[in-house]
Amino acid sequence: MVKPGSSLIHLEGVSKVFYTDEVETHALANVHLDVREGEYLAIAGPSGGGKSTLLSILGLLDSPTSGEYQLNGHAAARLTAAQRAQIRNREIGFVFQSFNLIGDLSVAENVELPLTYRKMPAAERRQRVQEALERVGMAHRLNHFPAQLSGGQQQRVAVARAIAGKPSVLLADEPTGNLDSVNGESVMALLRELHQEGATIIMVTHDPRYAEHAERTVHLFDGQIVRDERGDARAGLERHGYEMI
Ligand code: ADP
Ligand code: MG
């Protein structure tokens, strides 16, 4: 549960430096960011700007070099490895550009996998899997394997896997990056529906058309937030010169 009046996500002066072969890369520099429960935030910006690094930190896959990250009012730096793993499993759903489904597992088994790490009875797991796959329109492919599905279908299964555990926040890193425009639009429509039902979504994209699906866009350039804009789909369409009726 989120404390009343507090942000779901709170970043204060977060920096991330990677050290490789004597080279220092400042992937994030002094990032401040607050995300409320139920927000749909797009993170936009050119390649190398720090988008994936930011998402990895938000998802507790990586830690800042300096600065503070609070998730649900808890300081991430003070969590033990076991607590981080548990929060990742229960509170955070991930969707990646490359789907990351396991080829040897069926659609249903892929969606069930994160639930098996919890002490959840098998009957409840099966019900969650069924619900999540119905949610993304893939319940008719329970026993298929990823290779038997189109890219768009695989990404729908990956979204089902991410939401089956009913996470507090859904993190998506260029979820349409490997999809053609039709499949990309259908995954975007799915994210919009999930948001309308109350999900908190943070989506990385370098495609401005997709950023306009979100209600707020943070632009990252050279590891810094250079613009933080709020606007709805209507404003997005107007920017493109569409006549609104
Ligand atoms: P984006 O997702 O916006 O394309 P990234 O967050 O992946 O950007 O990368 C930001 C910068 O940090 C880039 O210069 C990238 O090369 C560097 N970087 C990212 N991950 C690592 C890493 N594990 N080791 C060294 N440098 C990294
Ligand atoms: Mg990236």
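How many aromatic pairs does the count come to by this rule? I took the rule to be that rings of Phe, Tyr and Trp (its six-membered ring) pair if their centres lie within 6.5 Å, with planes under 30 degrees apart counted as stacked, over 60 as edge-to-face and the rest as tilted, and the count comes to 1 aromatic pair.

Before going on I noted that this is a predicted model, in which local features need pLDDT of at least 70 and side-chain atom pairs count only at pLDDT 80 or more, while totals for chains, interfaces and linings use all residues. Residues are numbered from 1 along each chain as its sequence is written, chains are lettered from A and ligands numbered from 1 in the order in which they are written, and side-chain values use heavy atoms, leaving out hydrogens and water.

**Rings.** I found that Phe94 and Phe96 form a stacked pair, at 5.3 Å centre to centre and with 5 degrees between the planes. With buried meaning under 20% relative accessible area, exposed over 50% and partly exposed in between (1.4 Å probe, protein chains only), Phe94 counts as buried because its relative accessibility is 15%, whereas Phe96, at 26%, counts as partly exposed.

**Sheet.** I next traced an open sheet of 4 strands, in the order β2-β1-β4-β5 with antiparallel pairing; strands here are DSSP runs of E of at least two residues and helices runs of H or I of at least four, numbered from the N terminus, and two strands pair if DSSP finds at least two bridges between them. Because β2 (23-35) and β5 (74-75) each have a single partner strand, they stand at the edges, and one side of each is left without a neighbour in the sheet. Between β1 (residues 9-20) and β4 (residues 66-71) I read 5 bridges, and Glu12 stands opposite Glu68 in β4.

**Gly152.** I placed Gly152 in helix α5, and it counts as buried because its relative accessibility is 1%. Leaving aside neighbours within four places in sequence, Gly152 is in contact (heavy atoms within 4.5 Å) with Leu179, Asn183 and Val187.
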